[in-house]
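Let's take a walk through a protein model together.

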Amino acid sequence: MLKNSITVDLSGKDGEDGHQGKSGRNGEVGKSGKSGQISALNNGNGSHGEPGGPGGDGENGGKGGRGGPGGMGGVGGKGGTGARGGNGSSGGNGMNGQDGGNGGNGGNGGNGGSILIETNNASLLKFVKAESQPGKGGMDGKGGSAGSAGKGGEKGPGGPGGRGGAGGAAMGRGIINTRSGSNGRNGSDGKSGQKGQEGRKGNPGHTGQDGTPGNLTIRVYDPLTNQLVEEGHSIYNLVVTTFELCGYENDGIFEPDENVFITNVGVKNQGGLTLPSGSVLSFPSTQTFISNGECYVLEKNLAPGEFFSIPFQFYGRVVGRKQKQFGPFKSTISIQSSACLLTSPFSEGFVKKEYPVQYPIVLESVKVPKSLGRNEKGTVTITVKNQSLINYGSSLGDGYRIKFCLTLDSTYIILTETSATNIFEEEIPFIQAGMSYSRTFNIETTINAQFYETIPIQTNLFLRGHPIEESLNSIRIQPTYIPTNLDSPNPFDVLFFSDKHINRQEFSNYMSLLGRIGLNVNVWDIERYGGLSYNNKGKRHTKSWIDGGYEGKMIIMPLMEQGSEKQMAVSDIFQHFRGKNWQNDSSKPNNGSIVFIGNPSDSFKSQLFGECSAQQIPESELREMFLLSEPNESSMLKKATEFIKSLNKTHPSRVYRTENVLFNPQKDGSLSKTLLGSADYKELPLSTADALYFIPTKSGNSSGFMNGGITLQIESKSNIGKLLNTILYSLPVEKKLELLRKPTEWLSKVQIKDENGDLLNYVTCIIFALSFNLFLEIIYNDENGRFSTGIEADFEAHFDEYKNHPQSKQIVETLYLVLKKLGSELKWRGTSVPSIKERKNL
C-alpha cells in the first residue's frame, strides 16, 4: 500500500517573452544656415540634432560717392549715407528624430502533455494527484523609444553698414570745409532654424498564445485478470450533500446540554470514476458539540453521479452554558461532517452547519416603573413566552415545569399583595406553544427610600428546576411634585427643577443648602414627568407647575446641558415675572426670580423676543430732510435706533429691539421730509431689574456643580458660595428682610470668605443684596419705589424686632454705610430709612 501521495506534472512550458524593439537612430546634425539665406533640412532621425551653424555675416555697405566741386565761397555738401548692410541668413532647421523600432512578439505557450495512470487498486488513486496544464503565452515586447528632434541652426548676424561718402571741398576766402557722409546701418540678424520633430514610439509586439491543455487518462484493471474495468479522466470524489440535526424533545429548540442526533445524511460521488467501498463518515466534536464518537463505513461502491442516503444516526450533545449572564441565553451549535478513504479526507466531505441554541421558555419582558416617590405605589409586570413548538407548564409534569422568582429589597420597596418580604416565587401552570403568560404585582416604596437612589429588582426564570434566565431592573426614587392649593397662599419659597443628570449626593447638597437658609422647596423632576413646560407628547401636564402659584417665588434649574433652559417655555418665563396677564399688562413686576446653573444658549435672548408681538414704529419717527445728500440704509437704521433710545429715556429698565427694518425712501415734495421706509420694534415684558440669572460653568452644564460639602465657612468663589450669594440676591425683598430678622441657626453662624480674604456674616451679605436692589432702583428711574418702599415698610413695621436684634448695631451701621455710599456715588437722597439711625431710642 502506498503511504505517500504521488504527483505527476507534465505541463507544457511557458512561451518566452518577446524582445524589446530597438530604439530609432538619432537624428543627424542640422547644417548651419548660410549668410542671408534660409535652409530647410528635413528627415533627421534619432537623438537630438546638433545646433545649426551660425549664419554668414552681411556684406559691407558700399562707399559714398564723392562730393561735387563746391561753389564759390559755399560750404561743401555733406557726404552721402553709407548703404545698409545685408541681412544675416536664417539658421537651418534641425532634423526630425527617427521612429522607434517595434517590439518583438511573445512566444506561444507550450501545450500540456498527456498523462496515463494505470492501477489495479482503485483505492490508491486517493493518494494520486495528476494535472497537465498548458503553458502561458509570452508577454509582448515593448516598442522602441522615439528618436529626439534635432535643434535648429543658430541665426546669422546682419552685415555691417557701408561707410559714408567723403564730403565735398569748398573754396572760399582761403578756407576749405568738407563733411563726410554718415555710415550705413547694420543689416538685421537672420532667424534661428526651427527644431526638428520627434520620432514616433515603436508599436508593442503581440502576446504569445497559451498552449492547449494536456490529456489525463486513468485506467483501473481487475487485479486477478488484468482486464480493463473502468477508464476516466478524473478520480472519484465523495461529497456530503445533506444532513439534519434533531433534538430528543423535538420542540424545535436546541437547549444547552440537550442530547441531539444527526440524521438524513446524504452523500454523492461527483468524480469521474467509481468510488470503491470503505469510505468512512463521521461528525466529530467541536467547541459547541460533543460527539459520541461513532462513525459509519460506506460498504458499497458509488458510480459517478450516484447519490446514497446513509441509514444511520450520529449521536451527541449540545455543550452546556459556561457562565451566568443576564437576559435570554443565545448561542449556536456548530455541526461539521467528515468523509475520508484510507484516512485521506475528501475536501467536499467537510460540510459545516450552525444552529441556534436557546431555551424554549424566555422572559419576554419585565416592566417596572422608571421612577417612584416615597410611599408611592406602582406595578411590576412579568411576561414569559413559550417560543417552542410544544406546550410547557408545571401542570404537564416535571419535564415541563416553569417557575419565576421576584427579588427586591424590602427596606425600600415591598409587594403589597403578599406576605413575602423580599423574595416571591410562583409556578406557571401552562403556556401554549408560541403564546405568552403575564403576571402583574403591586409594589410600594417605603419611607426609607432615599431620593435619587436606584433600587434594584431582580427576576429569575426556572425550567425543570434549573435557572435559565435572569433580568435585572431598577427603580429610581425621585421626589413627587406637590400640587398647591390656589385658594390659599403657596407655602413654598423655591421650585427646584431636577433631571436625570443629578445624583443623590448633588440633590442632597442642593436641598441641604436651601434648607439651611430656611427656604421651603418643592421639586419637579423633568425625567419623571416627561418634560418641564410640556410633556414628551408636546402637551401641558395634567397638573402643571405653571399653575401652581409660583409667580413672585424663586425657581432654580441646574442645566443638564448648555442651552437646556429651552425646556422652559418663554411664555412661562414671562408669566413667572409678570403674571398670567403679561400679554396685556407687563408693567407690574412681582419680584420673582429664576436662577439657571450653567450657560445659556447663544439664541436665548432671541427666543425671548420671539414670543413678543411686533409694533410699528410711527412714520413720523422715520422721516428726515435731505438737502445736500441722498438717503441711504445707514440713515434709516439711525432713525430706528434713535426711536429705541427715545423709548429708553422714558423707560430705561425696559429692553427693546428693532425688527423688520425696510429701507424704501419716499418723498412727497422737493422741500418735504423723506420717509425712509418702515420698521417694527419689540418690547420684552421684562425689566433689567428682574432677577433672571445664569451661574456660568466651565462645562456649560451643571454636572458635578454641587459635589462639594457644605460647611460653616464658604469661599465666595466656590460653587456653593456662588449659589448662596445668587440665592440671597435673587430672593424677594420681603424674604431677605425676614431672613435678616430671623436667620436660621446655620445662617447665623456661616461665614463667607470674599476675594480679599475677609469673612462676611449673613448680615453683611443680606444688606449687600438689599443695596443691589436699591442700586437698580436708582439707575432705572422707572423702577422708583419698587424695592425701597418694601424696605422702608419692613423697618417701620418691625422696628422693635430690629431694636432687640442681637446684630442690631451691625445692621444699622452696615445699612447706613451702604446708603451713604449710594448717596455719594449716585447723588441719591433716598427714602427715610437713614433716619432710623437718628432715632435716639435705637
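**A walk through the model**

We can begin with the neighbours of I333: leaving out residues up to four places away in sequence, I333 touches L245, T288, F289, V318, K353, E354, Y355 and V357. Keep in mind that what you're looking at is a predicted model. I333 itself belongs to strand β13, which covers residues 331-336. Take T288 from that list of contacts: T288 and I333 are 45 residues apart along the sequence, yet their C-alpha atoms are 5.1 Å apart in space.

So is I333 buried or exposed? Its relative accessible area is 0%, and because anything under 20% counts as buried, I333 is buried.

Now for a couple of cysteines. C405 has a relative accessibility of 7%, so it counts as buried. C765 is buried too, with a relative accessible area of 7%. How many disulfides does the structure hold? The answer is zero.

Next, find the open sheet of three strands, which come in the order β35-β36-β37 with mixed pairing. β35 (713-715) and β37 (759-760) are the edge strands, each with a single partner, so one side of each has no neighbour in the sheet. Strands of a sheet pair up through backbone hydrogen bonds, and they can be parallel or antiparallel. Here, β35 and β36 (residues 751-753) run parallel and are joined by three bridges.

Finally, look for helix α5, residues 719-730. Helix α5 lies across β35 and β36, and runs at about 95 degrees to β35.

Conventions
Residues numbered from 1 in each chain as written. Predicted model: local features only at pLDDT ≥ 70, side-chain atom pairs only at ≥ 80, totals over all residues. Heavy atoms only, no water. Helix = DSSP H or I, 4+ residues; strand = E, 2+ residues; numbered from the N terminus. Buried < 20%, exposed > 50% of the residue type's maximum accessible area, 1.4 Å probe, protein only. Contact = heavy atoms within 4.5 Å. Disulfide = S-S within 2.5 Å. Pairing = 2+ DSSP bridges. Axes fitted to C-alpha atoms, helices over the stretch in contact; angles between N-to-C directions.
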